Each structure stands twice: as structure tokens, then as C-alpha cells.
Amino acid sequence: MDTCIRIALIPGDGVGREVMAEALPLLDWARARGRSLETVDLPYGADHFLATGETLPEVAFASVRDGCDAILFGAVGDPRVPDGRHAEEILLRLRQELELTVNHRPCRSPATRLGTGLDIEVFRENTEGPYCLQGSTEPGRAVDLAIHTEPAVRRLLEAAFRRAARLDRSLTLAHKANVLKHGHGLWLRLFVELRREHPEVDARAMHADALLCALVQGPMSFGVIAADNYLGDLISDLCAGFIGGMGVAPSLSWAPHRPFRCATLAEPVHGSAPDIAGQGLANPVGMILSTALLFRHLGWDPEAEAIEAAVARALESGARTRDLGGTLGCAAMGIAIRTGLR
Ligand code: ATP
């Protein structure tokens with residue numbers, strides 16, 4: 001019998017809650033197929049923060065870290081919390097303190113509007129760079145710092161090299177070591193070192209600005225792209241644009257060195273989308289494909305493949321939310337996908 005997997009559920013804010021509602025039936029479906037899993041509902045987000053002043057209480061954080069195997073996350077961000085404090089203390093804290101260094105963001109047909117064949121996987125470092133929250137906003141002394149450390153950069157690059165080797169795809173490092181001599185100099189040095197250890201990978205380093213231009217001109221020529229937190233965020237959103245937009249892009253973060261029991265977090269690439277929240281308009285595909293990524297990470301390959309095939313089937317049959325030019329709401333799109341689940 002499988003060991004029971006405990007998954008913490010954090011729907012969060014805005015469309016995060018709406019798309020999470022379409023992922024939950026997939027957990028029941030996996031359970032019905034014999035997968036042993038239990039879930040823990042966590043209410044943290046803007047509503048909870050505004051009602052109680054709590055973002056992610058210490059005891060809840062510790063119970064996720066030590067008592068769960070993975071987190072299924074919707075999105076956080078709410079205009080009622082303009083400084084985004086709760087988002088930082090929930091999502092950025094989980095990524096940083098669980099050391100979820102590797103953020104894998106595949107952008108793949110068949111969700112694409114470009115036709116078939118686009119298949120780019122962004123490996124984004126998820127805990128450092130300018131997203132380390134170090135600095136000050138004090139008037140007259142505002143300053144922002146970026147952190148790049150050797151263990152985190154090495155872990156991200158190793159994961160990207162392993163993935164490129166496994167897929168037999170090229171690997172491109174996005175960097176600006178010509179100007180960011182310290183931080184990106186480290187990225188380039190480790191990249192060159194690992195390239196020597198992986199002669200089987202067709203690996204090249206490109207200045208990030210030139211890479212963006214090349215990506216727009218010829219996205220099909222890219223395979224795996226590795227980047228720091230900031231560049232990876234930008235590049236993966238651009239790639240999401242190639243396959244239909246923010247609503248269809250999934251992601252999975254993990255800690256390859258497994259410092260804690262909870263070493264995985266699945267979440268769509270998009271945020272809480274306040275402009276469409278509460279209207280049932282969100283596309284649940286990114287969330288549903290993130291759930292498939294989590295299942296594959298847990299070794300549940302048949303379930304992951306079945307979900308991906310069901311998404312492809314629904315899109316091929318013409319099921320579309322508004323962002324993809326269709327008329328279906330979030331729940332109807334979820335049903336269209338689950339109808340094709342075999
Ligand atoms: P964050 O920085 O938290 O990732 P963001 O600034 O990138 O957030 P999003 O919340 O992702 O912003 O929204 C960006 C745009 O994408 C918005 O116009 C939003 O409506 C759209 N969008 C985001 N998620 C979805 C979705 N699931 N379905 C349809 N449109 C979406």
C-alpha cells in the first residue's frame with residue numbers, strides 16, 4: 001500500500017480560490033483510483049488577514065513544513081492589502097523557508113495558440129535574486145538588494161541540466177553577467193562548470209535581453225531555459241503568452257535537497273487577477289496542469305498523464321474560457337476537462 005500523502009490546500013485570494021475549486025475534484029478522482037492522500041485546508045489569504053491580522057501563523061507554517069508532503073496553492077494578492085504584506089508572508093515565506101529553490105514552468109502545446117510544437121520549460125530560481133525582500137523603503141534611503149548564493153544557484157542549474165539531458169533538449173542560461181558581475185557572474189561560472197560535467201547537453205549562455213528578442217522571433221528553437229528569480233518570472237510569463245496566456249501556464253516548485261518533509265508546492269503561474277476575480281471568468285487550466293505536475297512529482301504518472309490528456313481533449317473539442325476567446329466560465333471549463341478524464 002502507498003504511504004499516505006498529505007497535501008496542504010491554500011486557495012488564497014481572488015481567482016486562486018476559483019481555480020482551486022476546479023483542482024479539488026482531481027484529488028478525489030486520484031483517491032478513487034486508489035492513491036492514498038489526505039488534505040489539510042488552510043484559510044490563509046487576504047480575508048483571513050483582514051479579519052484576524054494573521055498572515056501565516058508560526059504554528060500553521062510548522063505544521064505544513066513538518067506534517068505535510070506538498071502544498072497545492074491558488075494565488076495571493078488583494079487590492080485591500082496594497083503593500084502585499086500577506087502575500088509576502090505567505091507565499092514568499094513558503095518558497096524561501098521551505099527552500100523551494102527550483103521552480104519548473106513548462107509552456108507546452110496543446111494549449112498553444114501558435115499551433116503544435118511549442119515546448120519550452122523555464123527553470124526559475126525561486127528563493128533569491130531581488131525577491132529576497134532585503135532593503136528599505138525609507139524615504140531618502142530606499143534601497144533594494146538582490147541575493148545570489150552558490151548553493152541555490154547550483155541546485156537550480158543542476159536541476160535544469162538534468163532536465164535538459166533527460167528530454168534531450170537544449171539548455172539556455174539567461175544572464176546579464178556583463179553588467180551584474182557578482183550575482184550573474186556566479187551564475188555564469190557555475191553554468192560553465194556544469195556544462196563540463198554534462199557534455200551530452202547542448203548548453204549555451206545568452207544575455208537576457210538578446211534572449212528575449214530571440215525568444216519572440218523564434219520560440220520553437222528553445223528547449224529548457226534557466227534563469228534567476230526575476231528574469232525567470234519575466235521569461236515564463238512571456239512564454240505563457242505563446243501558449244494562450246497567463247491562465248494556462250502551470251508550475252511546480254521543489255527543494256531537491258529535501259531539507260523538510262514538505263518539499264513541493266504546485267501553483268499556477270498567474271496571480272490572483274483582481275480584475276476578473278469573483279466573476280467566474282478565470283481559466284482553471286494552469287491550476288489543473290499544476291495539479292498534474294504535482295501528481296507526476298509524487299510518482300503518480302498515470303494520473304498526471306490522464307489529466308494532461310483531458311486538458312488537451314477539452315481544448316481540442318473547442319472548450320474555451322474568455323481569455324482564450326471562448327464563453328465558458330471557470331466551473332464549466334473544469335467540468336469540460338473532467339468529462340474527458342479517463
Ligand atoms: P503576480 O505578480 O501575483 O503573479 P500578476 O501581476 O502577474 O500577478 P495576474 O494576477 O497574474 O498578475 O494577472 C495578469 C493578467 O492575467 C490579468 O489581466 C488577469 O486577468 C489575467 N489572468 C491571470 N490569471 C488568469 C486566469 N486564471 N484566467 C484568465 N486570465 C487570467
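I started with the domain interface: domain 1 and domain 2 bury about 1,500 Å² between them, with 54% of it on carbon and sulfur atoms. Buried area here is the accessible area (1.4 Å probe) that two parts lose on being put together, summed over both. On the domain 1 side, Gln96, Thr101 and Arg105 lose the most area to domain 2, together 39% of what that side buries.

I noted the ground rules next. This is a predicted model, where local features need pLDDT of at least 70 and side-chain atom pairs count only at pLDDT 80 or more, while totals for chains, interfaces and linings use all residues. Residues are numbered from 1 along each chain as its sequence is written, and side-chain values use heavy atoms, with hydrogens and water left out.

I checked the domain bounds, which come from an automatic or database domain assignment. Domain 1 is 1–105 + 249–342, and domain 2 is 119–242. The contact (heavy atoms within 4.5 Å) takes 17 residues from domain 1 and 21 residues from domain 2. Their C-alpha centres lie 24 Å apart.

I then traced the sheet. Strands (E, at least two residues) and helices (H or I, at least four) are DSSP runs, numbered from the N terminus. Two strands pair if DSSP finds at least two bridges between them. Ten strands form an open, mixed sheet in the order S2-S1-S3-S12-S11-S4-S5-S10-S8-S9. Its edge strands are S2 (37–41) and S9 (203–207), each pairing on one side only. I looked at one pair: S5 (residues 119–125) and S10 (residues 224–227) run parallel over four bridges. Val122 has Ile225 in S10 as its bridge partner.

Which strands does helix H5 lie across? H5 (residues 150–167) lies across S4, S5, S8, S9 and S10, at about 165° to S5. Helix H9 (residues 285–297) lies across S1, S3, S4, S11 and S12, at about 35° to S11. Axes are lines fitted to C-alpha atoms, for helices over the stretch in contact, and angles run from 0 to 180 degrees between N-to-C directions.

I finished with the nonpolar cores. A core is a set of buried Ala, Val, Leu, Ile, Met, Phe, Trp, Tyr and Cys residues joined through side-chain atoms within 4.5 Å; buried means under 20% relative accessible area (1.4 Å probe, protein chains only). The largest has 78 residues, and Leu72, Leu157, Leu171, Leu215 and Ile235 have the most contacts inside it. Apart from it lies another core of 22 residues, including Ile10 and Leu56.

Methods. Buried < 20%, exposed > 50% of the residue type's maximum accessible area, 1.4 Å probe, protein only.
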